[in-house]
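Please read these comments alongside the sequence and the coordinates. They are set out as numbered points.

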Amino acid sequence: MVLIAVLTARCTGVNSLRGERVFFWDRGIRLAGANLAMDFQRPQACAFVSHAHADHFAKHQLALCTPETATLYLYRLATNRAGGRKLPKATPKVWTPEQIDDKHRVKKTPYLEPIDWGGLRLTAYPAGHCLGSAMLYVENPQLGKTLLYTGDFKLGASRTSREIVIPHADILIMESTFGLPQHRLPPRDAVIADLLQKVRQVLTRHETPVLYAYSLGKSQEVTRILLDDGLTIRQHPAIFEISRIYEHHGVALGIQSGETLPLIPEQPVENGCVVILPPFHSWKSQANQVRFAVTGWAIESGASYRFGVEESLPLSDHADYDDLIQMVRQVSPEITYCTHGPLAFVDELNSLGFPARPASRPWQQRLFF
Ligand SMILES: [Zn+2]
């Protein structure tokens, strides 16, 4: 309660802009004035979709997103295959990006091209999380304030998504999933080297490496990493379809060259291939598998046991604890609102001298400005 009182006092001082609100809480972040819902999981008249992971969208009347996310969003609506939760049991019919069902309306906003929207100026900035992932930079000329909404983001380079670009903003609304000090990830290059070494060891024993990774984002980056090391890939059909969208948008994943093929789930694969499956997807068509979970949560003890695999590797497409703090330093906001993370991280930001408060609390409806 003491913490809340302190935060409330600080936030009110920073954001009570002549009593007018930049955004407010409506079981999610909603921009005031423009009435734009941010990453809502319930259908909206108009919503910004930061990226096409299932916990960031619903079937909206109008979605605002990057062209890449538009393809993925419409694909997932058309196939009802959100987040890899509903996967085909067998190889699906061939799907191409050109066959998208476009009955759902989308306003495409390419990276770094501002648009005017309900009296606001909106710009999508690369978020470095997955293909098409964007942060939304909001300029409110009436209030003379700027806001950056991050969605999911990652600092540093990725082999399959555009590297993050970070603007300064007065108000930062930040995803903070890895908001505890124990969520410090090892250097990315070291994790990749470890992954390649272990996969090579499995192949040397004439066994099959099976990598479990999210269908959108992680699977494609792991595929690119393995291809760059000269390996051949068999992707689960649901992953393969998304990889085709990546290639459609100019990210080479070995499909056109034939290095990456769809897995036929009922059949074993030839020696020398690496298989990529969605998390927790059982595949029993081949003996001598060695299973790897590729996820940032591998940083936690007991991860391999929890994921039911022999190895787990902490390759993440989210900012880790240090990156979250680095993000706040670079944006240099007057106030930071944290979503999807622990309250302890809000406390930590305040102790470091960065005024902060949680975003998802009921009392926000009354206190947000
Ligand atoms: Zn995501």
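The points below go from overall confidence to individual elements.

1. This is a predicted model. The mean pLDDT of the protein chain is 85, and 85% of its residues reach 70 or more. Over residues 82-101, however, pLDDT is below 50, although this stretch has 34 contacts in the model beyond near neighbours in sequence. Where pLDDT is low, the predicted coordinates should not be read in detail.

2. The protein chain has 369 residues, of which 48% count as buried. It contains 9 helices and 19 strands. Among contacts with a separation of 6 or more, 63% are between residues 24 or more positions apart.

3. An open sheet of 7 strands runs in the order S7-S8-S9-S10-S11-S18-S19, and its pairing is mixed. S7 (115-117) and S19 are the edge strands, each pairing on one side only. On average, neighbouring strands of this sheet are turned by 25° against each other, direction ignored.

4. Within that sheet, S9 (residues 134-140) and S10 (residues 145-149) run antiparallel and are joined by 5 bridges. Tyr 137 stands opposite Leu 148 in S10. Helix H7 lies across S10, S11 (171-175) and S18, and runs at about 165° to S11.

5. Helix H8 (residues 343-351) has Phe 345, Val 346, Glu 348 and Leu 349 as its buried residues. These lie on the same side of H8 because they cover an arc of only 160° around the axis. The face turned away from that buried side carries the exposed residues Ala 344 and Ser 351. The packing partners of the buried residues are H7 (321-331), S18 (335-339) and S19 (356-358). After H8 comes Gly 353, with a positive phi near 95°.

6. Helix H4 (residues 218-228) is mostly covered, with 8 of its 11 residues buried. Just after H4, Gly 230 takes a positive phi of about 85°.

Methods: Residues numbered from 1 in each chain as written. Predicted model: local features only at pLDDT ≥ 70, side-chain atom pairs only at ≥ 80, totals over all residues. pLDDT = per-residue confidence, 0-100. Contact = placed C-beta atoms within 7 Å. Buried ≥ 20, exposed ≤ 12 C-beta atoms within 10 Å, placed from the backbone. Helix = DSSP H or I, 4+ residues; strand = E, 2+ residues; numbered from the N terminus. Arc of directions from axis to C-beta. Pairing = 2+ DSSP bridges. Axes fitted to C-alpha atoms, helices over the stretch in contact; angles between N-to-C directions.
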